[in-house]
Amino acid sequence: MKRILTALIALLNIGLANAQRNYDVSLISKDLLPYASAVVRDQDVYTEVKDNNTFYRIKTAITVLNKNGDDLAEIVVWYDKTNVIKSIKGTVYDEFGKLTGKFSEKNFEDENASNDFSLFEDSRVKHYTPTPGSYPYTIAYEYEVKSKQTLNFRNWRPNPYNGLAVEKSTFTFACKPDFSIRYKEINLPVNVSKGTTKEGLTTYTWQLTNLKALKSEPFSPIPEKYQTSVKIAPKSFVYAGINGSFSNWQELGQWSYDKLLKSRQALPTGTVEKIKQLTAGITDNKQKAKKIYEYMQGKTRYISVQVGIGGYQPFLASDVDMLNYGDCKALVNYTQALLKAADIDSWYCIVEAGNSKVSMIDDFASMDQANHVILCLPLKGDTTFLECTNQKIPFGFLSDFTDDRIVLACTPQGGKLMHTPKYNANDNLQARKAEFTINNTGDMTGDMATVYKGTQYDNSDELVGEPLSEQIKTVQKMYTNINNLQVSKLDIKQDKKEIPAATETLKFSAREFASAENGKMYFSLNPVNRLRSIRDVRNRINPVYINRGYIDEDEISYTLPEGYHPDMEALNVHINKPFGKFKANTVYKDGKLVFKRRIEVIDGTYSKDTYQDLVAFYQAVADADGYTVMLVKN
């Protein structure tokens with residue numbers, strides 16, 4: 001009876017505590033309002049490992065100050081066969097903290113999480129966005145999810161978005177004393193608090209208060225560099241019935257190789273013989289690999305498959321050989337099998353793919369730091385990486401999808417951190433030469449040749465293989481500053497070297513390119529390659545980060561209409577900064593106006609004080625690119 005009474009008192013106290021919470025917006029500290037569209041009033045993120053399962057209990061109250069904060073208040077809960085939603089509920093309050101509504105799981109939209117390129121995907125998502133009558137308002141909610149694995153744990157990110165301030169956020173990880181973990185604290189100003197619950201669980205707790213909202217700052221580093229987070233990884237785990245343990249990348253790579261990859265590369269005898277015939281007479285292993293890679297590209301296509309353990313384990317190579325499709329894991333594993341048939345070793349590499357360069361954290365191994373797989377050929381003195389999901393990409397070229405970052409190679413000897421190739425500004429070249437002729441009515445005809453190299457090779461890739469009518473539509477969108485563009489000839493040639501090049505040649509006409517008025521004519525000096533100015537940001541916090549360097553070179557020669565000459569001061573701009581160089585000039589001679597332009601942007605991290613120079617640099621380039629030529633009669 002005493003225990004029952006104690007429990008009732010505890011429940012009453014909890015109920016009173018909840019009832020006494022006041023979400024009146026006027027109670028938010030004014031120090032948290034600058035740049036904030038929403039404020040987390042209170043958040044409790046609780047993660048518990050129990051019996052080879054992980055339980056997440058999330059409680060959050062967030063005040064939305066304006067419509068820009070609606071997305072920050074959206075509740076999104078992913079689930080599948082491994083991750084099961086146990087409960088969801090919430091309440092809504094007005095600006096004075098008065099309860100205005102309640103919601104539960106039945107109010108959530110439930111959608112398949114598949115995307116346009118997935119054939120199978122068993123993930124689903126439930127999401128709820130409040131529809132307030134006015135601002136500000138507060139939404140308080142809680143949900144619980146059971147995850148049937150102990151390999152991956154959700155990161156704690158108390159302020160994951162720009163425009164979000166935090167009054168208080170608490171993260172607790174609880175487990176039995178014999179369940180060992182490692183944790184990585186990133187940009188965290190407080191220390192972990194370790195304790196023990198009445199049930200004997202070991203707890204690790206972090207708490208932050210009064211975090212100001214981060215404002216959007218162009219040319220910032222990747223968020224992982226400046227946002228607060230805590231990552232947790234197990235030393236021993238169970239995933240999909242498979243046991244494992246690791247404390248570093250070498251051990252994680254070893255487990256991946258032994259448990260997920262090994263013995264999945266058997267091929268039909270006929271395919272092995274085909275590979276031997278395909279490479280017969282080729283003595284250089286790299287040339288053999290190139291022949292096999294191009295065979296794989298011609299035979300297969302990429303289709304994402306995300307079911308069961310498909311998130312980590314590839315299809316059997318024999319299945320891909322029969323079906324002719326697979327996801328990144330399957331196609332890498334299949335390519336490995338084909339290479340193995342020719343006695344060429346290769347390594348399965350896990351990578352975080354995307355335009356932003358996100359690397360594996362070298363001193364903290366965990367399985368959740370990647371979203372893609374590529375292949376490495378550890379050729380002696382000539383390590384080569386291959387992208388196996390793109391049927392058009394050249395052998396040995398990664399483009400800007402997986403370049404210049406640390407990846408994990410899973411080898412028979414264990415995991416090995418490697419760095420993918422970096423393409424410098426000189427590699428990423430776009431060089432254009434054009435001959436334009438303007439007649440007395442302002443109409444123009446032109447011939448233009450553009451070479452795209454390195455990561456700029458992809459600029460014209462969408463044209464390749466498309467019908468001419470679709471290519472012309474794309475070109476008209478590429479050169480929107482040439483009004484009334486009519487293409488009479490278009491050709492794309494690709495040189496698929498490891499740093500590839502594509503040449504686009506174009507013959508066209510454009511009515512009324514130059515406008516005529518009172519005996520004068522006007523036209524844009526640079527209608528083919530313009531840079532926009534960037535937003536000014538005062539009191540910047542983050543350093544300036546330029547993700548990737550490049551060079552653009554343009555030369556346009558204008559044959560002017562007979563009887564006209566330019567009435568303008570010659571353009572002559574020359575800027576030299578640590579992060580970039582720009583020069584543009586015009587020369588008029590014998591009825592021809594020649595415009596030359598060169599810009600070089602240099603990747604790297606620069607001090608935050610550099611940003612004002614960067615703004616001025618981009619403005620100067622934009623001004624030069626927007627230069628208008630005026631012609632008058634002789």
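Analyst: E470 and K473 both lie in helix 8 (residues 468–478), where they stand three residues apart, about one turn of the helix; helices here are DSSP runs of H or I with at least four residues, strands are runs of E with at least two, and both are numbered from the N terminus. The model is a predicted one, in which local features need pLDDT of at least 70 and side-chain atom pairs count only at pLDDT 80 or more, while totals for chains, interfaces and linings use all residues. Residues are numbered from 1 along each chain as its sequence is written, and side-chain values use heavy atoms, with hydrogens and water left out.

E470 forms a salt bridge with K473, and the closest N and O atoms of this pair are 3.5 Å apart; a salt bridge is a side-chain nitrogen of Lys or Arg within 4 Å of a carboxyl oxygen of Asp or Glu. E470 counts as partly exposed because its relative accessible area is 33%, and K473 is likewise partly exposed, with a relative accessible area of 47%. Buried means under 20% relative accessible area, exposed means over 50%, and partly exposed lies in between, as judged with a 1.4 Å probe and protein chains only.

Other pairs lie under cover. R405 forms a salt bridge with D403, with 3.1 Å between the closest N and O atoms; R405 is buried, since its relative accessible area is 0%, and D403 also counts as buried, at 1% relative accessibility. D327 forms a salt bridge with K329, the closest N and O atoms being 2.7 Å apart, and both D327 and K329 are buried. These pairs belong to a structure that holds 27 salt bridges.

The C-alpha atoms of the chain fill a box of roughly 110 × 70 × 40 Å, taken along the principal axes.

Among the strands, strand 10 (residues 164–175) is mostly covered, with eleven of its twelve residues buried. Strand 10 runs parallel to strand 1 (residues 38–50), to which nine bridges join it, and antiparallel to strand 13 (residues 202–211), again through nine bridges; two strands pair if DSSP finds at least two bridges between them. Within strand 10, T172 is the bridge partner of Y46, and T172 also stands opposite T205 in strand 13.
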